[in-house]
Amino acid sequence: MGDYRRIADRIAEDIAGGRLKPGQRLPPQRAFARRRGIAPSTAGRVYGELVRRGLVVGEVGRGTFVRAAPDGPAGQALVESGVTGAPVNLELNYPSAPGQPELLAPVLAPLLRPDVLAEALLPAAATGTPQAREAAAGLLATPGWRPGPERLLFTGNARQAIAAVLASLVRPGGRVGVEQLTYPLVKEIAVRLGITLVPLAGDPAGLLPEAVAAAHRTAPLSALYVQPTLHNPTSLTTSGPRMRQLAQVLGDLDLPVVEDRIWSFLHEPGVPLAAHAPALTHVVDGLSKRVAPGLTVGFLVVPPHRVGAVAHAVRSGGWSAGRFALEAAVRWAAEGTVARLVAAKRADAGRRQRILAEELAGFAVRSDPHAYFAWWELPAPWRADTFTAAAAAHGIAVTPGPAFAVAPGHTPDAVRLGLASAPEPDLRRALRTLARVAARRAGDRSGP
């Protein structure tokens, strides 16, 4: 048991002595085991010990990188070591409005009456209840579009809604078109379902319809997955004309589409893709961002002829919503609690965007004044992996750009910053630290 710690000690000495540099990638664990003549399980313990000591950081699918900071040749650290202040997680992105518990609690109180609770603890069907369908239809409605309650289905959360729709639309081995940068959990869902994701090009107006048509000609697509409103991670919102063009192409190809609208509640109300292509569009939304992540409901609006197929996928996947959560959602919607939380979170997102603009002024940051996240295109010579490691050395977690990339060879030198979860003073401090780190490294590498 002590052997792996002695090996970890030697690696730690190499980090402290500058022989292993900040952001440098360690060998894969199997290669490390072969070089050292140790068992792969021992190599795993070595890497685990280095993570526990805070000397390295692991990125799924990318590797393990040095996060401690030795002094550079001139005696100045390229990346300051040691965490100052409490850790700040800019990977998590769960908005919480001031006074949120006080808003939610009174509506839940009636559910705790024994007679009401007995009903609320019964299993829920994928179709929910008539009251839940009406409430969800009202929550999701925008000017120019209101889903029919008979088209509503419910899951435990929005991720399960995505999985259910894709499982109902795509056979194993099928192809699904997605934006070149997409929600990382869609990549995981695709792996579990045996689906191939096909990255499609876009521009500042949104996904290119001709890219969809070209990919479909190459080999038929089974479906399309898009985030046209406040796209995660870039915050891009597809323009109205582009939405109509995309709907026209989808109609010509008879191609089903999954429209993820999980962040749309923050944006100015617009006409969704579902209004332009109602017979093809499956809308995914949920309560986790609007209300709270701990009591979630996923919403699905599906074409009338597909209600049965998608409901079957929800049941067979075990993705049905909890009845208690459904009952809570109905009451929060009826009492206006959701509307008040949405208004508060829109204001909160605006404040956080102003902090972002102040602290990262001069950097290439793409965002939207309504969004809870931002896409930071890093200055040279930073790479996403080394910057993520450098941020971790300061106790700041960010999401590296490659986590969103669909094509293996396209790893953007960017990071996504989640603005929702950290208290505002911590957010400001973290962004200021990241700006200092980014500027110092660029200056160190650009000099003679």
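1. Among contacts in the chain between residues at least 6 apart in sequence, what percentage join residues at least 24 apart? The figure is 72%. This comes from a predicted model, as does the rest of this note.

2. The secondary structure comprises 16 helices and 17 strands. With 448 residues, the chain has a radius of gyration of 24 Å, close to the 22 Å of the globule rule, so it is as compact as a globular protein of that length. Along the principal axes, the C-alpha atoms fill a box of roughly 70 × 55 × 50 Å.

3. Of the 448 residues, 53% are buried. The accessible surface is about 19100 Å², and carbon and sulfur atoms account for 55% of that area.

4. On charge, there are 50 positive and 36 negative side chains. The centres of these two sets lie 5 Å apart.

5. One runs from Asn-232 to Pro-233, with omega near 25°; Pro-233 lies in the loop between β9 (223–226) and α10 (240–253). The other runs from Ala-380 to Pro-381, with omega near 5°, and Pro-381 sits in the loop between β14 (373–377) and α15 (384–393).

6. Leu-230, a residue other than glycine, has a positive phi, near 50°. Leu-230 is in the loop between β9 and α10. Its relative accessible area is 1%, under the 20% cut-off, so Leu-230 is buried.

7. Asp-254 also has a positive phi, near 55°, and is placed in the loop between α10 and β10 (257–260). Asp-254 has 59% relative accessibility, over the 50% cut-off, and therefore counts as exposed.

Definitions and conventions. Residues are numbered from 1 along each chain as its sequence is written. This is a predicted model: local features need pLDDT of at least 70, side-chain atom pairs count only at pLDDT 80 or more; totals for chains, interfaces and linings use all residues. Side-chain values use heavy atoms; hydrogens and water are left out. Helices (H or I, at least four residues) and strands (E, at least two) are DSSP runs, numbered from the N terminus. The radius of gyration is taken over C-alpha atoms; the globule rule is 2.2 Å times the number of residues to the power 0.38. Buried means under 20% relative accessible area, exposed over 50%, partly exposed in between (1.4 Å probe, protein chains only). Contact means heavy atoms within 4.5 Å. Accessible areas come from the Shrake-Rupley method with a 1.4 Å probe; for residues, only the protein chains shown count as cover. Lys and Arg count as positive and Asp and Glu as negative; His and the chain ends are not counted. The place of a charge is taken as NZ of Lys, CZ of Arg, CG of Asp or CD of Glu.
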